[in-house]
Amino acid sequence: METLSKKQTLLDRRTEEEQKLAEEDQKLMAVEALDRRNNWEPSVFYSLGKESFCFVGHDISIRESIDTYGALIWPGCVALCHFLENNQQQVNLMDKAVLEIGAGTGLLSIVASLLGAWVTATDKPDILSNLTFNLLRNTKGRTRYTPQVAPLTWGLDLDRDFPQPSYHYDYVLAADVVYHHECLEELLKTMHHFCRPGSGTTLLWANKIRFQSDLKFTECFTGNFNTAMLSELPQEDVRIYMATAK
């Protein structure tokens, strides 16, 4: 009985430590959400609730909200937008079918649309209203294809809502989708669903590395796909990966 009691005490202490780490990570994310301006990027100008960008020769105005992480613009998104704009020979999105998972404010999907892609932007249902607003506001009359918006909760009803091979995409984009949350396994499952052997799909993932869990996910990611690091921004701790199915 004494041994069992000691084991339970150790488990309780470990749980308390994990909870403290989770709370600290959440605090760090909250601080970044309030002071997340990308100072390294001179083409970004901030006013309350709105950010303005210039990509692919177009002014882009993004409506944000601090109510949810999904309604904010994060460094990985801006970095991937710049990469796509400046490396069009390496990653040619013209007339390609592109899916973005965790699209948030829609900036990355907007840039992909301006680069000639047929884009489907996805996120959780409560994000879609602001996402749709930003997409329509910044692509109407500017793009070859009208971007589409669809609900997608990572790991949930993928075979029902996005059956293969009917829903095939040349590229899957993901930016700053890895942070301290409890859906990392579901995220990896979603990546596997769209980027599977024989699909010919290329996955582009950009992320700021903030927490130990980010590094653990990166290890899982590089272990599950054929990967190459396309770019690294050390000052911002942002990495951009290209991946295909093993």
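Good morning. Because the model is predicted, local features need pLDDT of at least 70 and side-chain atom pairs count only at pLDDT 80 or more, while totals for chains, interfaces and linings use all residues. Residues are numbered from 1 along each chain as its sequence is written, and side-chain values use heavy atoms, with hydrogens and water left out.

Let us begin with the sheet. Helices (H or I, at least four residues) and strands (E, at least two) are DSSP runs, numbered from the N terminus. Two strands are paired if DSSP finds at least two bridges between them. On that basis, 7 strands form an open sheet in the order β6-β5-β4-β7-β8-β10-β9, and the pairing is mixed. Which strands stand at the edges? They are β6, residues 148-151, and β9, residues 225-233; each has a single partner strand, so one side of each is left without a neighbour in the sheet. On average, neighbouring strands of this sheet are turned by 20 degrees against each other, direction ignored.

Consider next the pair β5 and β6. Strand β5, residues 118-123, runs parallel to β6, and 4 bridges join them. Threonine 122 has alanine 150 in β6 as its bridge partner.

Two helices lie across these strands. For the angles, axes are lines fitted to C-alpha atoms, for helices over the stretch in contact, and the angles run from 0 to 180 degrees between N-to-C directions. Helix α3, residues 107-114, lies across β4 (97-100), β5 and β7 (171-175), and runs at about 175 degrees to β5. Helix α4, residues 128-139, lies across β5 and β6, at about 170 degrees to β6.

I turn now to the interior. In soluble globular proteins, nonpolar side chains tend to be buried together. Buried means under 20% relative accessible area, exposed means over 50%, and partly exposed lies in between, with a 1.4 Å probe and protein chains only. A nonpolar core is a set of buried Ala, Val, Leu, Ile, Met, Phe, Trp, Tyr and Cys residues joined through side-chain atoms within 4.5 Å. The largest such core here has 36 residues, and those with the most contacts inside it are Ile60, Leu84, Leu93 and Leu107. Helix α2, residues 75-86, gives the most to this core, with 7 residues. A second, separate core of 26 residues includes Ile101, Ala150, Leu152 and Val178.

What does isoleucine 60 touch? Contact means heavy atoms within 4.5 Å. Not counting residues up to four places away in sequence, the residues that isoleucine 60 touches include Phe53, Phe55, Leu107, Ile110 and Leu114.

Threonine 201 sits in the loop between α6 (184-194) and β8 (202-208). Is threonine 201 buried or exposed? Its relative accessibility is 2%, so threonine 201 counts as buried. A polar atom of its side chain lies 3.3 Å from the backbone oxygen of phenylalanine 194. Leaving aside neighbours within four places in sequence, threonine 201 is in contact with several residues, among them His168, Tyr169, Phe194 and Ala243.

Some backbone details also deserve mention. The peptide bond from glutamine 164 to proline 165 is cis, with omega near 0 degrees; proline 165 is in the loop between α5 (158-161) and β7. Aspartate 237, although not a glycine, has a positive phi of about 55 degrees, and is found in the loop between β9 and β10 (238-245). Aspartate 95 likewise is not a glycine, yet has a positive phi of about 60 degrees.

Finally, the salt bridges. Side chains of opposite charge can pair when their charged atoms come close. A salt bridge is a side-chain nitrogen of Lys or Arg within 4 Å of a carboxyl oxygen of Asp or Glu, and the count comes to 5. One of them joins arginine 144 and aspartate 95, at 2.9 Å from N to O. Arginine 144 lies in the loop between α4 and β6 and aspartate 95 in the loop between α2 and β4, so the pair ties together parts that are 49 residues apart in sequence. Arginine 144 is exposed, at 53% relative accessible area, whereas aspartate 95 is partly exposed, at 40%.

Aspartate 176 and arginine 210 form another, with their closest N and O atoms 3.3 Å apart. Aspartate 176 is buried at 6% relative accessibility, and arginine 210 is buried at 18%. Asp157, Arg160 and Asp161 are linked in a network of salt bridges. Thank you for your attention.

Note on methods. Polar contact = N/O pair within 3.5 Å; in protein donor to acceptor, adjacent residues only side chain to side chain.
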